[in-house]
Amino acid sequence: MNRYIIISDNTTDLPLEYTQKRNLPQTALTILLNEKEYRENWQEELGEKTIYDEMRKGALPTTMQVNPEQMKDTVRPYLQEGLDVLYLAFSSGLSGSYHSECIAAQELLEEFPERKILVVDTLSASLGQGLLVHKALNLRDEGKTMEEVAQWVEAHRQNICQCFTVDDLNHLYRGGRVSKTSAVVGTMIGIKPVLHINEEGKLIPIAKVRGRKQSITALVDCVQQRIGKYNTAEEEIFISHGDCLEEAHFLKELLEQKLLCKVTLINFIGPVIASHAGCGTLAVFFMGEKR
């Protein structure tokens, strides 16, 4: 059986204690906040709440995709140890990081021709990517080979459902998701969009509701419409939030009133995704029959 390690990007939004316990290295997309760059050590240097505090003060953080050299720096030490690598990448529909990582993998294979590197586009983000990585790690720990895990990820990535609502339309305007007029008018009348990540890994609006409570209810509807045969006690639901923990717990309560599966992880949306979604974003991730 081949010895291998699973690696991903820091867009999984999995807690630091989780990535350390499960031995999950991550390549870091760069966050630029108040003219300072944060990368590998953002969780220690920046913390989970700082980016939200700064955005509420008016900061407009930006991000930069992974470049090939960064990916090679993450992966090379494991190849040198004699390990093969399964790399589960941030959605190609949201970032050019996947393309950079494919380039880096080819260059590393020339450097280490005896090793194997498989790069898989998760077509997912935040804890949707995290949920897919979580399941891949479980399969690895059950003894599945790297090829078997990669095949499972490719076969089931379209079953990773990812529904979001945002509290501030201006961040969607900055990212080109809504027009300036829609952002201004929508904010004035309390419109809250509901979005999901589609089959191509892109963020797409699917509904508009008025008011925060209605937007949270719409997330529950999104789960009920998609979950199908995956509504079992064995399945897990993940929730991520943009510094709105109380509402994340309210969403958890609503979901667990209506479903057999349980919410097993609630965590902050990390700064890469937060830079584009803003404060108050609330997202739910689960296995479903369709995106």
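Author: Helices here are DSSP runs of H or I with at least four residues, strands are E runs of at least two, and both are numbered from the N terminus. By that count the protein has 12 helices and 13 strands. This is a predicted model, in which local features need pLDDT of at least 70, side-chain atom pairs count only at pLDDT 80 or more, and totals for chains, interfaces and linings use all residues. Residues are numbered from 1 along each chain as its sequence is written, and side-chain values use heavy atoms, with hydrogens and water left out.

The residue to look at is T281. T281 sits in the loop between α12 (271-277) and β13 (282-287). How accessible is T281? Its relative accessible area is 1%, so T281 counts as buried. The cut-offs are these: buried is under 20% relative accessible area, exposed is over 50%, and partly exposed is in between, with a 1.4 Å probe and protein chains only.

Now the polar side. A polar contact is a pair of N or O atoms within 3.5 Å; within protein, one must be able to donate a hydrogen and the other to accept it, and residues adjacent in sequence count only if both atoms are side-chain atoms. A polar atom in the side chain of T281 is 3.0 Å from the backbone oxygen of G278.

Next, the neighbours. Contact means heavy atoms within 4.5 Å. Leaving out residues up to four places away in sequence, T281 touches F164, T165, V166, S240, H241, G242, C244 and I269.

T165 belongs to strand β8 (residues 160-165). T165 is buried because its relative accessible area is 0%. Its side chain reaches the backbone oxygen of P193 at 2.9 Å. Beyond four places in sequence, T165 touches K192, P193, V194, R212, S215, L219, G280, T281 and L282.

D84 lies in strand β6 (residues 84-89). With a relative accessible area of 4%, D84 counts as buried. The side chains of D84 and R115 make a polar contact at 2.8 Å. The touching residues, again beyond four places in sequence, are N2, R3, Y4, I5, R115, K116 and M146.

Two other spans end at T217. From G47 to T217 it is 170 residues in sequence and 30 Å in space, C-alpha to C-alpha. G47 is in the loop between α2 (42-45) and α3 (50-56), and at 19% relative accessibility G47 counts as buried. From E234 to T217 the chain runs 17 residues, and the C-alpha atoms are separated by 24 Å. E234 is in the loop between α10 (212-226) and β11 (236-241). At 67% relative accessibility, E234 counts as exposed.

Backbone angles come next. Most residues other than glycine have a negative phi. N23 has a positive phi, near 55°. N23 lies in the loop between α1 (16-21) and β2 (26-27), and is partly exposed at 43% relative accessibility. S126 also has a positive phi, near 50°. S126 is in helix α6 (residues 126-141) and is buried, with a relative accessible area of 0%.

Last, the whole chain. Of the 291 residues, 55% count as buried. Among contacts between residues at least 6 apart in sequence, 77% join residues at least 24 apart. Which radius of gyration would a compact globule of 291 residues have? It would be near 19 Å, and the protein has 19 Å, which agrees. That radius is taken over C-alpha atoms, and the globule rule is 2.2 Å times the number of residues to the power 0.38. Along the principal axes, the C-alpha atoms fill a box of roughly 60 × 45 × 30 Å.

The accessible surface is about 12,900 Å², and 49% of it belongs to carbon and sulfur atoms. These areas come from the Shrake-Rupley method with a 1.4 Å probe; for residues, only the protein chains shown count as cover. The mean positions of the 32 positive and 40 negative charges are 6 Å apart. Lys and Arg count as positive, Asp and Glu as negative; His and the chain ends are not counted. Each charge is placed at NZ of Lys, CZ of Arg, CG of Asp or CD of Glu.
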